[in-house]
Amino acid sequence: MELSFYKLSPSGNSTVLVLNPPAATPKSRAARSMMSAFHLQAEQVGFVSSGGDGIPALEMMGGEFCLNATCCLAFLAALRNLKSKQPADLRKELFLTLRSSGIEGTVKARVRPQSSAVPADWPVQSGLEYANSLDCSVRFQLNGYSLATFDEGMMLARLPGISHILLDSAYFACPEDNEKEMLRAAKKFIRQAGLENEAACGVIWHSGRGGQPGTIAERRIVPVVYVRDTASYVRENACGSGSLALALALREHGIKAKAFSLEQPSGFRLYAEFSGEGDEVWVGGPVTLLAEGSVYI
C-alpha cells in the first residue's frame, strides 16, 4: 500500500501526516509501522482529510488531540494551502480554521514567519535557522479543561482529547538519563491514576520557578505520551498539549505571568501566550518541514 506523507518537526516532536488515509488497513496499524525505527521513525502519526466544507481535518492515530500535530496541519494548510491549492502569502500572519480529533467543532490556528513570532524580551530560541520553518500555534479557550490535585507536586489536567499527569520534579525526580526507567515510571503513574483506558494521556515532569505578573515565566518539561490504540509509550522530544496543560495549571495556581516559555527536551521552546482578557491562550512554536513523498506499508 502506497501512502502520500509529509514528515515535519514541531519543536523536535517528529510527526508524520498522511494525506490519503488507508481504507483497508486500520490507522493504528499503519501508524505503528511508520513510527518504527526501521521505517519513517516518527514519534506520532496523523491522517489528513477534509469534509464537504473543505476544512482541513486531522485524525490522530488513536483519535486523540495532539496540539503539535495540529500545528503541523496548520503549516501544511498554509504552505500547500490544502483548501484552494494555492500557496498562501507567508510574509504575513495568517489565521486558519481546522478540525482535529478529540476536539468538538473547529480549531483556530495561526501561522506566521519566524522573524515576527519571537518578541525581543523572550528567551533565545534555538533551531530557527532551519529552512522551511514557520511559527505555528493553536488557540485554546479557557473553559475546556479541568484540574485536580492528587498529591503535593502532582496534578491531573484533563484537556479535550487528552489528559496529562503533571509532576513537579522537586517532588518526583525524573529519571531522564534512563529511558527504560522513565517509561516504567510513566506506566506506573498512568496505572495509578486509572488512565490506561483513555485514548491518550501523558506524564509531564516539569522544573523551574518564578513568574511574576506581566512577565514571561520559564519552565522545562520532559514528556512521555501513551496512546491506547497503538499501545505506545513514547518519550517525546516535545509535547504541545503537555506544555498547554502545564501553563494552565501554573496559571490557575497563582503564576499570573503574561506568557510561558516552555523548554522541550529537544532544546526548542514552545510558548503559551494568554490574552489580555484571560479567556484564551495561543500555544505553539516552530514547525519545520523535513520530508515529503510516498511511503509503503
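Reader: Quick one on Ser163: buried or exposed?

Author: Ser163 is buried, with a relative accessible area of 2%. Keep in mind that this is a predicted model.

Reader: OK. Which strand is Ser163 in?

Author: Strand E10, which covers residues 162-168.

Reader: And what does the side chain of Ser163 make a polar contact with?

Author: The side chain of Arg158, at 3.3 Å. Leaving out residues up to four places away in sequence, Ser163 also touches several others, among them Leu156, Glu198 and Cys201.

Reader: Switching to cysteines. How many disulfides does the structure hold?

Author: It holds 0. Take Cys136: the nearest cysteine sulfur belongs to Cys71 and is 6.0 Å away.

Reader: Is Cys136 buried or exposed?

Author: Buried, at 0% relative accessibility. Cys174, on the other hand, is partly exposed, with a relative accessible area of 22%.

Reader: Now packing. How many residues are in the largest nonpolar core?

Author: That core has 74 residues, and Leu8, Met34, Val45, Phe75, Phe260 and Val281 have the most contacts inside it. Helix H2 (residues 67-79) gives the largest share, 11 residues. There's also a second, separate core of 18 residues, including Leu167 and Trp205.

Reader: What about charges, how many salt bridges are there?

Author: There are 14. One of them joins the side chains of Glu59 and Lys27, at 3.8 Å from N to O.

Reader: Why does the Glu59 and Lys27 pair tie together parts that are apart in sequence?

Author: Because Glu59 lies in strand E4 (residues 56-60) and Lys27 in helix H1 (residues 27-35), the pair ties together parts that are 32 residues apart in sequence. Both ends are partly exposed: Glu59 has a relative accessible area of 38%, and Lys27 has 24%.

Reader: And how far apart in the chain are Glu273 and Arg110?

Author: 163 residues, with Glu273 in strand E15 and Arg110 in strand E6. Their side chains meet in a salt bridge at 3.2 Å, N to O. Arg110 is buried at 8%, while Glu273 is partly exposed at 22%.

Reader: What else does strand E15 link up with?

Author: Strand E12, where Glu218 pairs with Arg269 of E15, 51 residues apart. Arg269 counts as buried at 15%, and Glu218 as partly exposed at 39%.

Reader: Which residues do salt bridges with shared partners join into one network?

Author: Glu93, Arg110, Arg112, Asp135 and Glu273.

Key. Residues are numbered from 1 along each chain as its sequence is written. This is a predicted model: local features need pLDDT of at least 70, side-chain atom pairs count only at pLDDT 80 or more; totals for chains, interfaces and linings use all residues. Side-chain values use heavy atoms; hydrogens and water are left out. Helices (H or I, at least four residues) and strands (E, at least two) are DSSP runs, numbered from the N terminus. Buried means under 20% relative accessible area, exposed over 50%, partly exposed in between (1.4 Å probe, protein chains only). A polar contact is a pair of N or O atoms within 3.5 Å; within protein, one must be able to donate a hydrogen and the other to accept it, and residues adjacent in sequence count only if both atoms are side-chain atoms. Contact means heavy atoms within 4.5 Å. A disulfide is a pair of cysteine sulfur atoms within 2.5 Å. A nonpolar core is a set of buried Ala, Val, Leu, Ile, Met, Phe, Trp, Tyr and Cys residues joined through side-chain atoms within 4.5 Å. A salt bridge is a side-chain nitrogen of Lys or Arg within 4 Å of a carboxyl oxygen of Asp or Glu.
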